[in-house]
Structure formats: C-alpha cells, structure tokens
Amino acid sequence: MKHIFKTPIDNNYFFGYYDKSPLNIDNKKLLACRVDFIDRMPTKYDTLEIGYFDWKDSNEFIKLSDTKAWNWQQGCMLQWLAPPSYDSKIIYNDRRNGKFISVILNIETKVEDILPMSFYTLSSDGKFALCIDNERHYWHRKGYNYQGVENLDKKKGIDENDGIWYMDMVTKELSQIINMKKLLDHKPLSNMRDAIHYVEHLMISPNSKRFCFLHRWRLDDGGIYARFYTLNVDGSDLYLVNDSGRMSHTCWRGDSQLLAFCGLETPVNKLRKYKSIIKYFIKPLLPTYHKLITDNSPSMRNRLIGDSYVLFNDKTSKKIRLAQNILSEDGHPSFRPGNVDEFITDTYPNQKSIATLLLFSISNNKTIMIDSLNSIKGFDNTGYRCDLHPKWSFDGGYISIDTMNDKVRGIYLYEITRKIK
C-alpha cells in the first residue's frame, strides 16, 4: 500500500510511541517533532522542536515550541489534548528549572499551562494522567529516559518510594497510587534480590477505570524479568495478569481484555524465577541459547522461547494465543478505534534491515501487509533505532508511522479504507 503523505526529506521528523494519534480530530493537522541529527543518543543539551503539518495543503513544518525532555523511542509524549475537540491543545513533557514537567499548549493562543510532573499516559476522558519518576528512569532505563536531571538519591537498585502517580489535569494535584514496596511484597521471587527495579509501559483502559503496567527488574544473567499488572486508577484491586517473566508490548481490547506479545509460563521461564538457578545453570548456557536464536528464523526463535501474541481477560486466568504461525514476531499492537477485531502492528527489521507494517483480523485470522520499509542497518540494534510504532487516527481511517526508509527520520501516513475479509 502506498503512503499518501510523508514528511520532507531535507530534515528529520518523528512522533514517538504507538498508543496515541499524531492526527487531530478532523485529520488535517499532523503533529511532529523535528531534530537535526539521528546518529547518536540525545544529551541534556539537545533540543527537540515541536510542531505540525497541515499535510493536505502543505509540506511546511509549523513550529509551536520545543523541549529538552525526550528520547528516540517515545519522543516527548506529544499528543492532542482535551476530548472531544483534540484540536486546539497539545501536551508534552519538558525539562524546566531542573525538573521534568508537563506542558499544555494552546496552539492558537500560545498560552502554556504547566503541570508539576512529567506524564506517561493520559485518560481518554482527559481528566487525569498517570506518571512515573523520570528522575529514576534516568539512571536505569537507557533509551527511554530523559536527560538533564541527575538525582543521585535515585540511582540505587531498589527505591521503595518509586512507583506510579495520579495527576489531576485540572487541580494539578499529585497522589501516588502504588509504590515499589507493594510490588516487591506481592508474591515475591528470589530473583528480585539485589536487582534493579522500575515500572513502565503504562496504558489506561478506554473507560479510564483501570490501567496496565510492567514491573521490570534486571537478572543476574543480564536479562530482564517482567511482570504484567492491571490496577484501578485509585490504586485498588491489583491483579497480576502474567508472571512468565517475558513481556513486551501491550494494548487494551475494550475495557476488559488486553493483547500482548509475550511468553506464557514454560519450564524454562519458571526456572528464571529462582536466583540460584539463573546464576549457576541458566547463565552458563546463554552462549548456546543465543546461537540457537541467531541461527533460526523469528518464527522458530519464538517457538524455542514460547513467545507469541496473547489475549488476556483482565482479572481472570483466561488467555488465548493468537496467530502463532502468522504473527510470529514482536511488534507494537493497537486496535482500530471502534473495532475490536482488527489491530495494527509491526515488526523489527530483519537481517536485510526491512521492517513490515501489518493489519490483522482476529475473526478471519488473516493479515494484510500494508508496507515494508528499510531501516538504517547500523542503527538497528542501538538506542537511536527507528521503530515503526504504528498509530491510528481517532476515527481509525489513517495510520502513521516513524521510519528511516528515506535514510532520514520521517513520518509516513496511510489511508486505511477497507476491512479484512
């Protein structure tokens, strides 16, 4: 499928993560970030320009503001604000006066409203945001952190005061809804000891009542163990959805189901729960394991480790593997607005540095390949790689991606008019 718009190739443009729309409510304005380099990680001195394209009429980038709180994978969390308009106000993260904060900007009046903490995700009703501690992320989550605030008190491996905060978008009040101590005390594992712990990948359900998140920690073998949780936005009713240790990208399917690319419990995954087994048995076998993965296709690799797309029912043990032989690779999924049957996802670049953009129907068990795109091979395994991160428009009629297909960072836009039959 041919893209209907792409950003100019005389500079570098991107948007960021896959769970928000860069298009406004009438699909005329396309939010974008502009930067003059792509071949290294950002530093505290690097500024990211924020603006938009009236893409149906012009290729001109209309600058609105800039920020010093950003990364290559998630940008500055830039997005449209205030339902149902999604047109006159934007929100993004910034660093000001030695703090990470959120900025609401009226793009017509240029009036700013400052919120006291950088946000991670917004409720669909626009009433609140959920936040993590980006000062702690600075030390422990390279590639997904912001530069410029180096708080040494938060460099330690376990900070029981770390967690997730609720931020009221009107009153600007902050309240912590869960802390790390509660997560460490919830069905503790021996592999938690002496590890570096953090939370991330928060997503709020469409009805704004619950959210999902990952609690991750680094193991002795250098790997990551991840728990997948859901929680009410008031901090009640914590539920451990998946405890296999292998969790990647997720999204909500309505208000009670979740889709994730992950592993379910296998004999090998169960062994990773024990610190002594990791140290004395798993770690020595890692060279052989990595050779098996390198020498096999993605489909075979995921059979070896048991990863696939899985549908979970929130607060139940029910889980269903999806299309294990069709969608065999990790990607960034999200369901088409108003349609719980079709979801968009992508793949990481293969050995030829080609990534694919895919649309999948659950009921038909069929995939449409929308496009295949080139990456820059030398960037593929770095923190400044460019994942496609496909994003729906509010009406489900368009998909936008970030790509290096033209050897610069750019945004492509596709019109999706048909359903899978």
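My entries follow, by topic.

**Ground rules**

I am working with a predicted model, where local features need pLDDT of at least 70, side-chain atom pairs count only at pLDDT 80 or more, and totals for chains, interfaces and linings use all residues. Residues are numbered from 1 along each chain as its sequence is written, and side-chain values use heavy atoms, with hydrogens and water left out.

**Cores**

I started with the nonpolar cores, meaning sets of buried Ala, Val, Leu, Ile, Met, Phe, Trp, Tyr and Cys residues joined through side-chain atoms within 4.5 Å. For burial I use relative accessible area: buried is under 20%, exposed is over 50%, and partly exposed is in between (1.4 Å probe, protein chains only).

Which residues have the most contacts inside the largest core? They are Ile-164, Phe-211 and Phe-213, in a core of 43 residues. The elements that each supply at least two of its residues include strand S8 (99-106), strand S12 (163-168), helix H2 (180-185) and strand S15 (210-218). Strand S11 (128-131) is also on that list, and S11 gives the largest share, four residues. I take helices (H or I, at least four residues) and strands (E, at least two) as DSSP runs, numbered from the N terminus.

I then looked up the surroundings of Phe-213, counting heavy atoms within 4.5 Å as contact. Leaving aside neighbours within four places in sequence, Phe-213 touches, among others, Ile-164, Ile-178, Leu-183, Val-199, Phe-228 and Leu-238. Glu-200, His-201 and Arg-227 are also among its contacts.

Apart from this core lies another one of 39 residues, among them Phe-5, Leu-48, Val-103 and Leu-413.

Next I went through the cavities and pockets. On a 1 Å grid over the protein atoms alone, a cavity is a set of points where a 1.4 Å probe fits but cannot get out; a pocket is an open set with protein on both sides within 12 Å along at least five of seven lines; lining residues have an atom within 4 Å of a point. Grid points are joined across faces, edges and corners, and a volume is the space filled by probe spheres set on the points.

How many cavities of 30 Å³ or more are there? The search of the whole structure gives five. The largest cavity holds about 80 Å³. Its lining has 14 residues, with Pro-349, Ala-355, Ser-375, Cys-386 and Leu-388 nearest the centre. I sorted that lining into seven nonpolar, five polar and two charged residues. In this sorting Ala, Val, Leu, Ile, Met, Phe, Trp, Tyr, Cys and Pro count as nonpolar, Asp, Glu, Lys and Arg as charged, and the others, Gly among them, as polar.

The second largest pocket has about 930 Å³ of space. Of its 35 lining residues, Asp-19, Lys-20, Ser-124, Ile-204 and Pro-206 are closest to the centre. By class I get 18 nonpolar, 12 polar and five charged residues.

**Charge pairs**

I found 25 salt bridges in the whole structure, each a side-chain nitrogen of Lys or Arg within 4 Å of a carboxyl oxygen of Asp or Glu.

Asp-133 and Lys-154 pair at 2.8 Å, N to O. Asp-133 sits in the loop between S11 and helix H1 (134-140) and Lys-154 in the loop between H1 and S12, so this bridge ties together parts 21 residues apart in sequence. Both Asp-133 and Lys-154 are buried.

Asp-185 and Lys-181 also bridge, with their closest N and O atoms 2.8 Å apart. They are four residues apart in helix H2, so about one helical turn separates them. Lys-181 is partly exposed, at 38% relative accessible area.

Asp-237 meets Lys-315 with closest N and O atoms 3.1 Å apart. This pair links distant parts of the chain, 78 residues apart. Asp-237 is partly exposed at 38%, and Lys-315 is partly exposed at 42%.

I also noted a salt-bridge network of Arg-34, Glu-49, Lys-63 and Asp-66.

**Two single residues**

Asn-179 belongs to strand S13 and is partly exposed at 26% relative accessibility. Beyond neighbours within four places in sequence, Asn-179 contacts Glu-160, Asp-162 and Gly-163.

Arg-272 is in the loop between helix H3 (267-271) and helix H4 (275-294). Is Arg-272 buried or exposed? Arg-272 is buried, with 10% relative accessible area. Its C-alpha is 8.8 Å from that of Ser-244, 28 residues away in sequence.
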